[in-house]
Amino acid sequence: MTGMKWTEIRVTTSPEAGDAVAGLFHRLGCAGVAVDDPAWVLEHIRRGDWDAWELEAEALRPGQVTVTGYVAHGGSDASAWLQQELRRSGVDFRLQVRVVDEESWAEAWKRYYHAVPVGRRLLVRPSWEREVSDQGRLVVELDPGMAFGTGTHASTRVCMEMLEDVLRGGETVVDIGTGSGILALA
């Protein structure tokens, strides 16, 4: 049995235009987008907490971001509308479109989400990576799905590192605005 088909639309543009492009995806009806920023990736590689082996060389080219969104395949030509809006805005961009099966879309992101050490004592690990050693750290097991908060975003990491310094045990903690619940788990 085959699932629904989706149109994957990728727009590569300048970092300054990234938020505006994400806004256009929102106007298209995308519930969420992925923003790949090479500056962020290169910083993680420099710090030694991500090897980025699975990324294409183009994904590591500084000075550009790639915004990716998905729309149901077979409806209106979302990519044509998006291309028209991008041209009207005057930003430089490169647009790529491909059709993906629901199964591959729903599972493909897992290739890019691996165990990540955070701070001095924590390790955020997805449940499908059982073979990864805890490296003597406290394991926060998390299957993030589409929710914000995987431990890789700078604000989430800083909050987790602060929790290490502040909490001693027994405190009551509230995670306001929780996405995946990672801060409450940590």
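Biologist: In what order do the elements of the protein run from the N terminus on?
Modeller: The order is β-α-β-α-β-α-β-α-β-β-β-α-α. The model is a predicted one. It holds 6 helices and 7 strands.

Biologist: What share of the residues counts as buried?
Modeller: Of the protein's 186 residues, 31% count as buried. The protein exposes about 11300 Å², and 54% of that comes from carbon and sulfur atoms.

Biologist: Why is Ser-79 called buried?
Modeller: Buried means under 20% relative accessible area. Ser-79 has 13% relative accessibility, so Ser-79 counts as buried. The residue is part of helix α3, which covers residues 78-89.

Biologist: Which residues does Ser-79 contact, leaving aside neighbours within four places in sequence?
Modeller: They are Ile-9, Leu-95 and Val-97. Across the protein, contacts with a separation of 6 or more come to 64% from residues 24 or more positions apart.

Biologist: What makes the pair Glu-85 and Arg-88 a salt bridge?
Modeller: The definition asks for a side-chain nitrogen of Lys or Arg within 4 Å of a carboxyl oxygen of Asp or Glu. For Glu-85 and Arg-88 the N to O distance is 3.6 Å, so the pair is a salt bridge. Both residues lie in helix α3, 3 residues apart, which is about one turn of the helix. In general, side chains of opposite charge can pair when their charged atoms come close.

Biologist: How do you know whether Glu-85 and Arg-88 are buried or exposed?
Modeller: Glu-85 has a relative accessible area of 12%, under the 20% limit, so Glu-85 is buried. Arg-88 stands at 56%, over the 50% limit, so Arg-88 counts as exposed.

Biologist: How many salt bridges does a search of the whole structure find?
Modeller: The search finds 5. Another of them joins the side chains of Asp-165 and Arg-120, with 3.0 Å from N to O.

Biologist: Why can the pair Asp-165 and Arg-120 be said to tie together parts that are apart in sequence?
Modeller: Asp-165 is in helix α5 (residues 154-166), while Arg-120 is in the loop between β5 (116-118) and β6 (122-125), so the pair ties together parts 45 residues apart in sequence.

Biologist: What makes Glu-141 and Arg-125 a salt bridge?
Modeller: Their closest N and O atoms are 3.9 Å apart, and the cut-off is 4 Å, so the pair meets the definition. The pair links distant parts of the chain, Glu-141 being in strand β7 (residues 138-141) and Arg-125 in strand β6, 16 residues apart. Glu-141 has a relative accessible area of 36% and is therefore partly exposed. Arg-125 has 11% and is therefore buried.

Biologist: Which residues do salt bridges that share partners join into one network?
Modeller: The network consists of Arg-27, Glu-85 and Arg-88.

Biologist: Why does Cys-30 count as buried?
Modeller: Cys-30 has 5% relative accessibility, and buried means under 20%, so Cys-30 qualifies. Cys-30 is in the loop between α1 and β2 (34-36). Not counting residues up to four places away in sequence, Cys-30 touches Phe-25, Gly-69, Tyr-70 and Val-71. From C-alpha to C-alpha, Cys-30 and Thr-68 are 9.8 Å apart in space, and they are 38 residues apart in sequence.

Key
Residues are numbered from 1 along each chain as its sequence is written. This is a predicted model: local features need pLDDT of at least 70, side-chain atom pairs count only at pLDDT 80 or more; totals for chains, interfaces and linings use all residues. Side-chain values use heavy atoms; hydrogens and water are left out. Helices (H or I, at least four residues) and strands (E, at least two) are DSSP runs, numbered from the N terminus. Buried means under 20% relative accessible area, exposed over 50%, partly exposed in between (1.4 Å probe, protein chains only). Contact means heavy atoms within 4.5 Å. Accessible areas come from the Shrake-Rupley method with a 1.4 Å probe; for residues, only the protein chains shown count as cover.
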